[in-house]
Amino acid sequence: MGVSRKSSVSAVLRPECHRSPGLRHGLVHGEASVRGLRHKNRRAREPPGHAYSLRVVRHYAHFPGKPKWASNKYHLTYEYAPGTPQLFFDVIPRALGRWASLTPFTFSRASSYESADLRIGVFRGDHGDGSPFDGPSGVTAHAGAPYVGIVHFDADEKFSDGVEDDAFHLETIALHEFGHSLGLLHSSDPTAIMFAYTNHGQKKDVQEDDINGLRNLYGVRMSK
Ligand SMILES: [Zn+2]
Ligand SMILES: [Zn+2]
């Protein structure tokens, strides 16, 4: 499946997401992603005499320049590119609903694909945004930072609704990609939804590190 839509996509399109750090096809882009990581493993300094102070370890990261949605722009619209498989119509709303349950963001379908804040598509190979997909294995999907708005899945991967040994759990992948859409980059915490690597059959949910990353970015409470 190709796409004729010519989009101007800035460098914040990256990072791309991978299923395994050891996979041959994942290495080149994997390095590019790792370069963008900001490791924040600093321990909160314990005040003298305070034996029980909480040690906060941060693993999350933001895009360079910390792009984020404006405070009057917490309702985002989304729409699917023509030809998007039914599976995505079934699963994408669940992933967005999960983020909506954990953050101030809300989501609804847009009146058109072009006008949507989040433009979701399933594309193969070179699809016009300067970050061609690489066939089976390697890059699974990619998404842009806030206001870039693209959320693309590699049509050469197998995605599933439920957990299957030979497919990517689509809701897990979508949760990760929408994390990019909200302003999160990759986390160094392997349990975080924003960890760069996922495997076939792996089901994950949003974790505290991910929420902390958004709270830090937006400076607001992240629970409803
Ligand atoms: Zn990613
Ligand atoms: Zn793309």
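Predicted model: local features only at pLDDT ≥ 70, side-chain atom pairs only at ≥ 80, totals over all residues.
UniProt positions are given here in the numbering of this model, with feature names shortened, and such annotations may be inferred rather than shown by experiment. With that in mind, the unreviewed UniProt entry places a "binding site" feature at His 176, His 180, His 186 and Met 194. These residues span 19 positions in sequence, yet no two of their C-alpha atoms are more than 9.1 Å apart, so they gather at one spot.

- His 176 lies in helix H3, and it counts as buried because 27 C-beta neighbours fall inside 10 Å, where the cut-off for burial is 20 or more.
- His 186, by contrast in location, belongs to the loop between H3 and H4, and with 24 C-beta neighbours inside 10 Å, His 186 also counts as buried.

- His 127 sits in the loop between strand E4 (118-123) and strand E5 (139-143), where it is buried, with 23 other C-beta atoms within 10 Å.
- His 142 is placed in strand E5 and is likewise buried, having 24 C-beta neighbours inside 10 Å.

- In soluble globular proteins, nonpolar side chains tend to be buried together.
- In this model the largest nonpolar core has 43 residues, and those with the most contacts inside it are Tyr 78, Ala 95, Leu 96, Ile 120, Ala 174 and Phe 178.
- At least two residues of this core are supplied by each of strand E2 (75-80), helix H2 (86-102), E4, E5, strand E6 (150-154), helix H3 (170-182) and helix H4 (208-218), and the largest share, six residues, comes from H3.
- Leaving aside residues up to four places away in sequence, Phe 178 touches Ala 95, Leu 96, Trp 99 and Val 151.
- Since 13 of the 13 residues of H3 are buried, this helix is largely enclosed by the rest of the structure.
- The geometry of H3 agrees with expectation, because at 1.5 Å a residue its 13 residues should span 18 Å, and its end C-alpha atoms are 18 Å apart.
- Directly after H3 comes Gly 183, whose phi is positive, near 120°.

- E2 and E4 run parallel and are joined by three bridges, with Glu 79 standing opposite Arg 119 in E4.
- E4 also pairs with E6, again in the parallel sense, over five bridges, and in this pairing Val 122 stands opposite Phe 153 in E6.
- E5 and E6 pair in the antiparallel sense over three bridges, and they form a hairpin with six residues between them.
- Because five of the five residues of E5 are buried, E5 is largely enclosed by the rest of the structure.

- Most residues other than glycine have a negative phi, and most peptide bonds are trans.
- Ser 137 is not a glycine either, yet has a positive phi of about 70°; Ser 137 belongs to the loop between E4 and E5 and is partly exposed, with 17 other C-beta atoms within 10 Å.
- Tyr 147, in the turn of the hairpin formed by E5 and E6, has a positive phi of about 80°.

Conventions: Residues numbered from 1 in each chain as written. Chains lettered and ligands numbered in written order. Helix = DSSP H or I, 4+ residues; strand = E, 2+ residues; numbered from the N terminus. Buried ≥ 20, exposed ≤ 12 C-beta atoms within 10 Å, placed from the backbone. Core = buried A, V, L, I, M, F, W, Y, C linked by C-beta atoms within 7 Å. Contact = placed C-beta atoms within 7 Å. Expected span 1.5 Å × (residues − 1). Pairing = 2+ DSSP bridges.
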